[in-house]
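We will go from stop to stop, and at each one you get something to select and something to look for.

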Amino acid sequence: MIEVAALVAAPLFAGGLSLTVHRSALLHAINLMSMAILVTAEIMITRTMLKDGPFTALEQLVYLDALSTFILFIIGTVGLACSFYMRSYLDEQVARGVIAPTRLNLFFFLFHMFLLAMIVATIANSVGVQWVAIEATTLATTFLIAFWRRRESLEAGWKYLILCSVGISLALFGVVLLYYSSLHVLSDVGQALNVTQLLTVADRLNPHVLKLAFIFILVGYGTKVGLVPMHSWLPDAYTEAPAPVVAMLAGVLEVVSVYAILRMRVIVDHAVPFAFTGGLLALLGFASLVTAAFFILIQHNYKRLFAYSSIEHMGIAMIGFGVGGALGTFGGLFHLLNHAFAKSMAFFAAGNIHRRFHTVEIGQVQGVSTAQPWTAMALMISGLALSALPPFSSFASEVQVVTALASQGVPGMWFTSTEGMVTIALSDQFERLALTAVFLMSVALAFGGLIYRITGMVWGTPTEGVLRQETWSLGHLPVILLAGALVVFSVFLPPPIRQLLEQATTILVIQ
Amino acid sequence: MQILPYNGAQLVDLCSALLLLTCFAIVAQRRLSSCVDLFALQSAFLVVTAALVAYLTGNQHLYIAAALTAVIKVIIIPLVLKKVIDRLNVKRELVMYVNVPTGLLICGGLVMLAFFIAQPIIPFGFLLTRDSLAIALGIVLIGFFTMIARQKAVTQLVGFLVLENGLFLAATAATYGMPLIVELGVFFDVLIATLIAGIYTNRLQDAFDNVDTNRLTVLKE
């Protein structure tokens with residue numbers, strides 16, 4: 001299983017090597033090399049997976065199925081795009097004296113550790129190891145977020161560290177509870193947290209304990225996803241962190257955290273009626289969607305604008321998973337992919353604008369199309385894709401989610417099952433109609449806010465003293481590729497990706 | 001000496017209760033360095049609990065966990081925190097969002113809440129340690145509360161570590177410890193998190209001349 005070992009070894013070695021190197025070109029070369037190995041390994045794993053089905057590797061430590069392979073695909077693609085973008089971005093920051101050249105290797109070391117932690121969280125068979133890895137992502141990124149060492153970035157980094165560590169601790173309590181229930185069924189102590197083992201006995205686990213465990217895990221990992229009401233760290237961190245880091249946070253880390261919730265959900269769904277997990281996911285999804293739409297509307301800082309748009313889209317994906325069924329789940333997964341592409345692009349553009357205009361205030365940025373034509377195009381495309389307009393694939397996934405919502409409704413929105421806490425005496429049809437209306441209204445609000453702000457930035461004449469030209473650099477390549485992918489995916493999903501998505505959907509839907 | 005199962009359970013309960021008691025002491029304590037001392041004391045009780053459970057059940061790997069707790073949480077982390085406090089210009093928590101008596105009352109309520117939540121799942125536990133699960137949840141909630149109620153970065157950190165102690169007690173009590181690889185990972189994460197938070201505290205001190213987290217209000221809507 002050389003390709004699985006390579007997944008872990010590449011970022012590990014690259015990180016260690018980066019610490020010993022000081023030349024910028026060499027650091028970038030190491031990074032690109034490691035990314036190339038990662039992507040190759042991912043392609044090999046995808047082929048094996050699609051041919052032979054799910055498999056375990058490295059003494060049962062690693063478990064790969066369609067779902068985790070799909071997440072690996074997102075990590076690889078966005079990671080590669082970031083690596084290209086970092087080349088021009090970091091060089092310019094060093095040239096301007098924002099980053100001391102001696103600190104560059106620290107940046108790369110932390111970046112590799114961040115990647116490593118996310119990969120381990122994705123491929124780990126044990127839910128416990130997955131927890132350790134997700135906490136490790138917090139530790140690796142907190143200094144990346146505070147990398148500029150200004151007051152604001154220190155504040156954002158501290159908030160991120162504390163909120164996410166506490167949130168994640170709650171998830172650990174959930175993992176302990178899961179272990180508590182599985183120990184009564186499984187005799188092998190060393191394996192009792194492995195997904196492969198848990199899935200075989202999931203229907204015999206104690207439903208009370210599982211419910212409690214799921215709530216803790218949802219709140220814990222939900223903090224890392226940035227779901228409302230655990231989102232308050234997210235806009236600050238996204239504003240303060242360097243652009244490539246934000247692209248990774250928004251594009252990949254959120255997806256990995258959602259993945260951790262989904263893994264747990266599959267296990268819980270075997271023992272507890274589907275309405276329990278579905279209802280909770282949809283509840284948080286709606287809370288995030290509605291809150292974020294409101295904040296998008298009143299935003300005057302473009303990085304925060306994109307941050308709230310992240311919360312909105314995670315909400316939409318959560319609603320998809322909450323509604324469930326083949327359509328909702330497929331839509332949710334597909335939306336994760338589209339959002340990762342569009343959002344990393346948006347933050348690349350935001351990073352370029354910030355470097356040129358030196359402000360994050362929307363009101364002070366005008367005429368990006370004159371000053372930076374390439375960036376203006378990227379900003380426009382990502383804005384349209386984030387508003388889920390055709391011809392972008394986010395339109396397709398959002399339509400899938402809303403269709404599922406309108407046809408199936410949210411399963412047992414309130415817990416009527418055992419405790420009989422609250423029952424809402426509304427007809428089923430009315431509930432579906434109302435929820436769909438809320439969904440569409442929020443999406444429309446977010447669309448209006450986003451497009452209004454972005455067009456304001458793109459058109460007009462730039463303020464005096466802003467350089468009005470943009471030379472082609474390597475950093476533009478990933479933007480073009482991502483934009484192309486967003487358009488192509490809306491009409492044609494390449495067969496391997498389609499197969500991955502379909503198989504992942506069957507894993508997540510428990511009949 | 002042979003310890004009867006009934007007496008063993010009593011001993012484990014006693015140790016867990018001592019852990020809970022130190023939580024209340026931390027909530028009532030204003031001096032930063034005393035909070036750290038109390039945290040070290042609490043961790044020492046945790047070591048005793050883990051070793052006791054290991055001895056009574058014959059789970060060898062719990063001894064490793066106990067030893068790691070002793071090294072990391074009783075010795076290293078308090079030392080690091082003391083070093084951080086030495087650099088600060090304010091050694092006492094002067095303003096709190098919640099005063100001490102109210103805080104203690106709230107914590108009492110949190111412990112009751114913990115017993116209420118844990119009640120339905122306690123009967124599935126092992127006889128020896130099943131009451132400790134509710135106590136552990138109580139400690140987690142109190143740690144949570146401390147983080148919210150205090151302003152100093154150091155006391156927030158102590159709150160986080162108390163929370164982590166509660167989780168460790170839960171793992172020891174409910175399941176006789178997690179698989180070794182997970183336990184090692186958790187220790188590693190806690191250690192690194194504390195070191196990082198310590199570095200942050202220093203930088204916050206330099207940047208804001210203060211570690212009151214209520215000064216961190218540059219970023220808002």
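**Before you start.** This is a predicted model, in which local features need pLDDT of at least 70, side-chain atom pairs count only at pLDDT 80 or more, and totals for chains, interfaces and linings use all residues. Residues are numbered from 1 along each chain as its sequence is written, while chains are lettered from A and ligands numbered from 1 in the order in which they are written.

**Stop 1: α13 of chain A.** Select residues 325-357 of chain A, which form helix α13. Helices here are DSSP runs of H or I with at least four residues, strands are runs of E with at least two, and both are numbered from the N terminus. The 33 residues of α13(A) reach 46 Å from first C-alpha to last, close to the 48 Å expected at 1.5 Å a residue; the expected span is 1.5 Å times one less than the number of residues. Of these 33 residues, 27 are buried. A residue is buried if 20 or more other C-beta atoms lie within 10 Å of its own, exposed if 12 or fewer, and partly exposed in between, with C-beta atoms placed from the backbone.

Now pick A:His339, which sits in α13 of chain A. Is A:His339 buried or exposed? It counts as buried, with 29 C-beta neighbours inside 10 Å. Leaving out residues up to four places away in sequence, A:His339 touches A:His313 and A:Ser394; contact requires C-beta atoms, placed from the backbone, to lie within 7 Å. For a distance check, draw a line between the C-alpha atoms of A:His339 and A:Leu327: they are 12 residues apart along the chain and separated by 18 Å.

**Stop 2: α5 of chain A.** Move to residues 127-145 of chain A, helix α5. Its end C-alpha atoms are 27 Å apart, in agreement with the 27 Å that 19 residues should span at 1.5 Å a residue. Because 18 of its 19 residues are buried, α5(A) is largely enclosed by the rest of the structure.

**Stop 3: a helix pair in chain A.** Show α3 (66-96) and α10 (243-271) of chain A together; they pack at about 170° with axes 9 Å apart. The axes are lines fitted to C-alpha atoms, for helices over the stretch in contact, and angles run from 0 to 180 degrees between N-to-C directions. The pair is therefore roughly antiparallel, given that angles over 145 degrees count as roughly antiparallel, under 35 as roughly parallel, 65 to 115 as roughly perpendicular and the rest as oblique. Residues in this contact include A:Ile71, A:Val78 and A:Tyr85 of α3(A), with A:Met248, A:Val255 and A:Tyr259 among those of α10(A). The contact has 18 nonpolar, 2 polar and no charged residues. Here Ala, Val, Leu, Ile, Met, Phe, Trp, Tyr, Cys and Pro count as nonpolar, Asp, Glu, Lys and Arg as charged, and the others, Gly among them, as polar.

**Stop 4: where the chains meet.** The contact between the chains takes 34 residues from chain B and 35 from chain A. On the chain B side, α5 (130-149), α6 (153-175) and α7 (180-208) each give two or more residues, and α7(B) gives the most, with 14. That side has 28 nonpolar, 3 polar and 3 charged residues.

Select A:Val176 next; among the residues it touches are B:Leu167, B:Ala170 and B:Ala174.

**Stop 5: a helix pair in chain B.** Show α3 (60-87) of chain B with α7(B): the angle is about 0° and the axes are 10 Å apart, so the two are roughly parallel. This contact has 11 nonpolar, 6 polar and 2 charged residues.

**Stop 6: backbone details.** Most residues other than glycine have a negative phi, and most peptide bonds are trans. Where can you find something else?

- A:Val228 and A:Pro229 are joined by a cis peptide bond, omega about 5°; A:Pro229 is in the loop between α8 and α9 of chain A.
- A:Pro390 to A:Pro391 is also cis, with omega near 5°.
- A:Gln60 has a positive phi near 70° and is partly exposed.
- B:Tyr176 has a positive phi near 55°, lies between α6 and α7 of chain B, and counts as buried.

Note on methods: Contact = placed C-beta atoms within 7 Å.
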